[in-house]
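Here's a quick briefing to read with the model open beside you. Have a look at the sequence and the fold, then work through the notes below.

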Amino acid sequence: NNNLKFELRSHTDCRGSFKYNDDLSAKRAKAVTDYMVKKGVPRATIVSKGYGERELLNNCTDGVFCEESLHEENRRTEFIVTGKKK
């Protein structure tokens, strides 16, 4: 639906440095944005941001052992509908 506005929020797990994860999540957000534009979504309707490891979904933080499946939960891109084009 080309009338919707989106915010894309990309996240990483805690492994890697804080800066590395910020850069990685920004690249993920850009890759998703580029894909959506390629599929016909107007770039002007998309805001994207990398959050790195700032918004983990579980207790898998630095220094805590976690199974791979728990780290996977934190690696994600969220699609938030923020409104409609006027």
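I80 counts as partly exposed because its relative accessibility is 29%; buried means under 20% relative accessible area, exposed over 50%, and partly exposed in between, using a 1.4 Å probe and protein chains only. Keep in mind that this is a predicted model, where local features need pLDDT of at least 70, side-chain atom pairs count only at pLDDT 80 or more, and totals for chains, interfaces and linings use all residues. Residues are numbered from 1 along each chain as its sequence is written, and side-chain values use heavy atoms, with hydrogens and water left out.

**Strand β3**
- I80 sits in β3, residues 76–84; helices (H or I, at least four residues) and strands (E, at least two) are DSSP runs, numbered from the N terminus.
- Leaving out residues up to four places away in sequence, I80 touches K5, F6, E7 and R9, where contact means heavy atoms within 4.5 Å.
- T82 is also in β3, and it's partly exposed at 48% relative accessibility.

**Helix α1**
- N21, S25, A29, V32, T33 and M36 are the buried residues in α1.
- They share one side of α1, because they cover an arc of only 110° around the axis, taking the directions from the helix axis to the C-beta atoms.
- K19, K27, Y35 and K38 are exposed on the other side of α1.
- The buried residues of α1 pack against β1, β2 and β3.
- After α1 comes G40, with a positive phi near 105°.

**The core**
- The largest nonpolar core has six residues: F6, L8, V32, M36, V41 and I46. Such a core is a set of buried Ala, Val, Leu, Ile, Met, Phe, Trp, Tyr and Cys residues joined through side-chain atoms within 4.5 Å.
- β1 (4–11) and α1 (18–38) are the elements that give two or more residues to this core.
- M36 touches F6, L8, V41, I46 and F79, not counting residues up to four places away in sequence.

- T45 lies in the loop between α1 and β2 (46–50), and T45 is buried, with a relative accessible area of 3%.
- The T45 side chain reaches the backbone oxygen of P42 at 2.6 Å.

Definitions and conventions. Polar contact = N/O pair within 3.5 Å; in protein donor to acceptor, adjacent residues only side chain to side chain.
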